[in-house]
Amino acid sequence: MRPFAYERATSAEDALQRHRDGAVYLGGGTNLVDLMRLGVEEPSRLVDVAHLPYDQIELRPDGSLAIGAAVTNSAVAADRTVREGHAVLAQAVLAGASGQIRNLATVGGNLLQRTRCSYFQDASKPCNKRTPGSGCPAREGEHHNLAILGHSDACVATHPSDMAVALAALDASVRVQGRGGERTVPIEDLLRLPGDEPQRDTTLEPGDLITAVEVPALGVPSRYRKVRERASFAFALVSVAAALDVADGRVRDVRLALGGVAHKPWRARRAEEALRGAEATEESFLRAAEAEMEAAEPLRDNAYKVPMARNLIVRTLTELGEES
């Protein structure tokens, strides 16, 4: 591991001042420290932001939530207001990692964790995310767990966060403190597809610090489902975050996001559009899922994800429809 300096920020403004060339923010460190050990990340300075005063969950009068970026994953999953008002978020967090990791990992860090693509994590291999222009060996190599939607010739990696999938379905936003002041960025605009710049996971500017996640009120049944290779904690082959509002047997509104299939949580807009106003039946759910999967471009070894995602969407929405 490359030697590095360690500094603890005392405020967001102090963190911004300490964030200079070669510096990286440190939250729980559950992803960053692993990548440093592998030689994938080699920061010259770690700026510790885990102790900043962003460790509270606020329930607002309208039912929305403000979740501080330093709140641990365990605290999110255990919070009564989250479990009762935004069940999909609590379920996603519990599906994401072991209790030991959840106790340390933070909300801000969870959103910014990097892909688990084996070529990205092996510093001896070429990878456009680590070294732009070096190539993407995953396209012809080991890619059974990689992207089927939104990928490019430059990268087929997937985003590993379960929490981010739930937040995408919930239309959440992040508050960001930057050198130009504070701004709010929708989750869908924060995380990005690879295009020809796969080294950029997010739209954040250098030094930008996530201070909170804002989650609108929900008020309808929601659920998170995840398919993985083993029953113990593992990254998603495919996951679904869904919320369904049914009235008089018809879909009044629906939120749907997929994980394990793209470089960012994939908001299933085609399926949502197909379902609004439709009968809340398994047949309708199937047609919507098939409409969404028309955009899929599987590689040699991951075409199984297309029927897996379709079936998972149908099963999750069917169960939510039975609750409505």
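I'm working from a predicted model.

**Cavities**

I looked for cavities of 30 Å³ or more and got two. I listed its lining and found 15 residues, with Cys 117, Cys 127, Cys 136, Ala 138 and Cys 155 the closest to the centre. Sorted by class, that lining comes to 12 nonpolar, two polar and one charged residues.

Next I checked the second largest cavity, which holds about 50 Å³ of space. I wrote down its lining: Gln 113, Arg 114, Thr 115, Lys 129, Thr 158, His 159, Pro 160, Asp 201 and His 263. By class I have five polar, three charged and one nonpolar residues here.

**Cores**

I then turned to the nonpolar cores. The largest has 39 residues, and Leu 89, Leu 167 and Val 174 have the most contacts inside it. Helix H9, residues 162-169, gives the most to this core, with seven residues.

What is Leu 89 in contact with, leaving aside its neighbours within four places in sequence? I found Ile 67, Val 76, Val 82, Met 163, Ala 166, Leu 167 and Leu 170. Apart from this core I noted another, of 28 residues, including Ile 148, Val 238, Val 254 and Ala 268.

Conventions: Residues are numbered from 1 along each chain as its sequence is written. This is a predicted model: local features need pLDDT of at least 70, side-chain atom pairs count only at pLDDT 80 or more; totals for chains, interfaces and linings use all residues. Side-chain values use heavy atoms; hydrogens and water are left out. A nonpolar core is a set of buried Ala, Val, Leu, Ile, Met, Phe, Trp, Tyr and Cys residues joined through side-chain atoms within 4.5 Å. Buried means under 20% relative accessible area, exposed over 50%, partly exposed in between (1.4 Å probe, protein chains only). Helices (H or I, at least four residues) and strands (E, at least two) are DSSP runs, numbered from the N terminus. Contact means heavy atoms within 4.5 Å. On a 1 Å grid over the protein atoms alone, a cavity is a set of points where a 1.4 Å probe fits but cannot get out, and a pocket is an open set with protein on both sides within 12 Å along at least five of seven lines; lining residues have an atom within 4 Å of a point. Grid points are joined across faces, edges and corners, and a volume is the space filled by probe spheres set on the points. Ala, Val, Leu, Ile, Met, Phe, Trp, Tyr, Cys and Pro count as nonpolar, Asp, Glu, Lys and Arg as charged, and the others, Gly among them, as polar.
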